[in-house]
Amino acid sequence: MSKYSDIDLDLDYNSFTKDIILKENAAAVKQAVLNILLTSPGEKPFVRSFGVGIRNLLFDNYVLDYPMVLESQIDTQFKKWEPRATVIGVSIDDDSIDSNSIGITVNYKINTMGSGNPIADSITLEIEKVR
């Protein structure tokens with residue numbers, strides 16, 4: 001796998017060198033994917049189209065084709081903002097939608113440059129309305 005690296009969003013630093021710790025490879029891509037999923041469109045200054053806005057699901061009227069719409073939104077965001085990953089599938093656990101909770105699993109593969117095989121990974125989010 002090629003070496004991907006991003007700054008750790010926790011801004012932890014190495015106590016010896018005083019440098020900010022980097023996330024590398026799969027951890028860097030996973031952090032970027034999570035950032036895309038949890039950011040609402042318009043939340044990032046000057047980049048209004050960034051983000052999926054999964055939290056908004058709790059306040060939308062839920063319809064049967066929503067999983068397909070959500071997968072399309074996530075795929076579009078990945079293609080635009082995170083070329084290191086490709087969406088494989090999105091599943092929504094809507095069993096507790098009436099109690100203001102929803103579970104979402106995003107399966108994706110990490111693209112590698114060169115001859116390496118893609119690495120499959122997933123993120124599962126449980127989102128609840130907070131009072």
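Student: How many residues of the protein chain count as buried, as a percentage?
Tutor: Of the 131 residues in the protein chain, 34% count as buried (under 20% relative accessible area, with a 1.4 Å probe and protein chains only). This is a predicted model, in which local features need pLDDT of at least 70, side-chain atom pairs count only at pLDDT 80 or more, and totals for chains, interfaces and linings use all residues. Residues are numbered from 1 along each chain as its sequence is written, and side-chain values use heavy atoms, with hydrogens and water left out.

Student: Thanks! Which elements are there, from the N terminus on?
Tutor: They run β-β-α-α-β-β-β, giving two helices and five strands. Both kinds are DSSP runs numbered from the N terminus: helices are H or I with at least four residues, strands are E with at least two.

Student: And what is the order of the strands in the open sheet?
Tutor: The three strands go E3-E4-E5, with antiparallel pairing (strands pair if DSSP finds at least two bridges between them). Strand E3 (85-93) and strand E5 (119-128) are the edge strands, each pairing on one side only.

Student: How many bridges join E4 to E5?
Tutor: Ten bridges join that antiparallel pair. Across it, serine 101 stands opposite glutamate 128 in E5.

Student: What does helix H1 touch on the sheet?
Tutor: Helix H1 (residues 26-38) packs on the sheet and touches E3, E4 and E5, a contact being heavy atoms within 4.5 Å. Its direction makes about 35° with that of E5; axes are lines fitted to C-alpha atoms, for helices over the stretch in contact, and angles run from 0 to 180 degrees between N-to-C directions. Helix H2 (residues 66-81) also packs on the sheet, touching E3 and E4, and its direction makes about 155° with that of E3.

Student: Back to H1: which of its residues are buried?
Tutor: Ala28, Val29, Gln31, Ala32, Val33, Ile36 and Leu37. Their cover includes strand E1 (5-7), strand E2 (22-24), H2, E3, E4 and E5.

Student: How far apart are the end C-alpha atoms of H1?
Tutor: They are 18 Å apart, which agrees with the 18 Å that 13 residues should span at 1.5 Å a residue. The expected span is 1.5 Å times one less than the number of residues.

Student: New topic: where is threonine 105?
Tutor: Threonine 105 is in strand E4 (residues 101-110). Leaving aside residues up to four places away in sequence, threonine 105 touches Gly89, Val90, Ser91, Ser122, Ile123 and Thr124.

Student: Which side chain makes a polar contact with threonine 105?
Tutor: That of threonine 124, at 3.3 Å. A polar contact is a pair of N or O atoms within 3.5 Å; within protein, one must be able to donate a hydrogen and the other to accept it, and residues adjacent in sequence count only if both atoms are side-chain atoms.

Technical notes. Buried < 20%, exposed > 50% of the residue type's maximum accessible area, 1.4 Å probe, protein only.
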